[in-house]
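Please have your viewer ready.

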Amino acid sequence: MPLASPRSLFLLGFLGALTLMGVALYLEHVVGLQPCPLCIVQRICVIAFGLVCLVAVLHAPGATGRRIYAALGLLSAAAGAATAGRQVWLQGVPADQLPACLPSLEYMMEALPFQEIVRLLLHGTADCAEVGWTLFGLSIPEWTLLAFAAMILLALYQLLRRA
């Protein structure tokens, strides 16, 4: 017997992504933490997952459509988990071995080709290794990695469940 309807689980995924973005914007605009390049990539992945879930809720697809939406959500959550994992790894690297800080995104957009900007953003910098806030001993990227793990589990459940 299924735990919940596919539509309600997609709604849960959308509400979770909405909550994550609300927390991210609160930490940025109220607490004053500036997002690093990897944080921005993680936000894009959360937004992509949330949008896939929202479209799935509105569309209310059958079994094939549910699997397609679940696969798209899985891809965005896996990309976010990889990015968050990279940032968690960077936080464990000694400071003298970290890559140098990047110029501003505006400057890079004017001076560099798109592929180079993406490579630099995904590589991470010393900014990405700073731990500016923790909750219960876990940094923001560690919490985000846990959230992406939950998104992956939700997407896998939707993908693999029987009609």
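## About the model

This is a predicted model, in which local features need pLDDT of at least 70 and side-chain atom pairs count only at pLDDT 80 or more, while totals for chains, interfaces and linings use all residues. Residues are numbered from 1 along each chain as its sequence is written, and side-chain values use heavy atoms, with hydrogens and water left out.

## Overall fold

The protein has seven helices and two strands; helices (H or I, at least four residues) and strands (E, at least two) are DSSP runs numbered from the N terminus. Their order from the N terminus is α-α-α-α-α-α-β-β-α.

Of the 163 residues, 36% are buried, where buried means under 20% relative accessible area, exposed over 50%, and partly exposed in between (1.4 Å probe, protein chains only). Among contacts with a separation of 6 or more, 80% join residues 24 or more positions apart; a contact means heavy atoms within 4.5 Å.

## The nonpolar core

A nonpolar core here is a set of buried Ala, Val, Leu, Ile, Met, Phe, Trp, Tyr and Cys residues joined through side-chain atoms within 4.5 Å. The largest one has 20 residues, of which F10, V46, F49, F148 and M151 touch the most other members. Helices α1, α2, α3 and α7 (140-160) each supply at least two residues of this core, and α2 gives the most, with seven. In soluble globular proteins, nonpolar side chains tend to be buried together.

Leaving aside residues up to four places away in sequence, V46 touches A17, L20, M21, F148 and M151. Q158 is a residue of helix α7, and it counts as buried because its relative accessible area is 1%. With the sequence neighbours up to four places away not counted, Q158 touches P6, L9, F10, R66 and A70.

## The surface and a loop

The accessible surface comes to about 9500 Å², with 70% belonging to carbon and sulfur atoms; these areas come from the Shrake-Rupley method with a 1.4 Å probe, and for residues only the protein chains shown count as cover. L15, found in helix α1 (residues 6-31), is partly exposed because its relative accessibility is 41%.

A60 sits in the loop between α2 (37-59) and α3 (63-92), and its relative accessible area of 37% makes it partly exposed.
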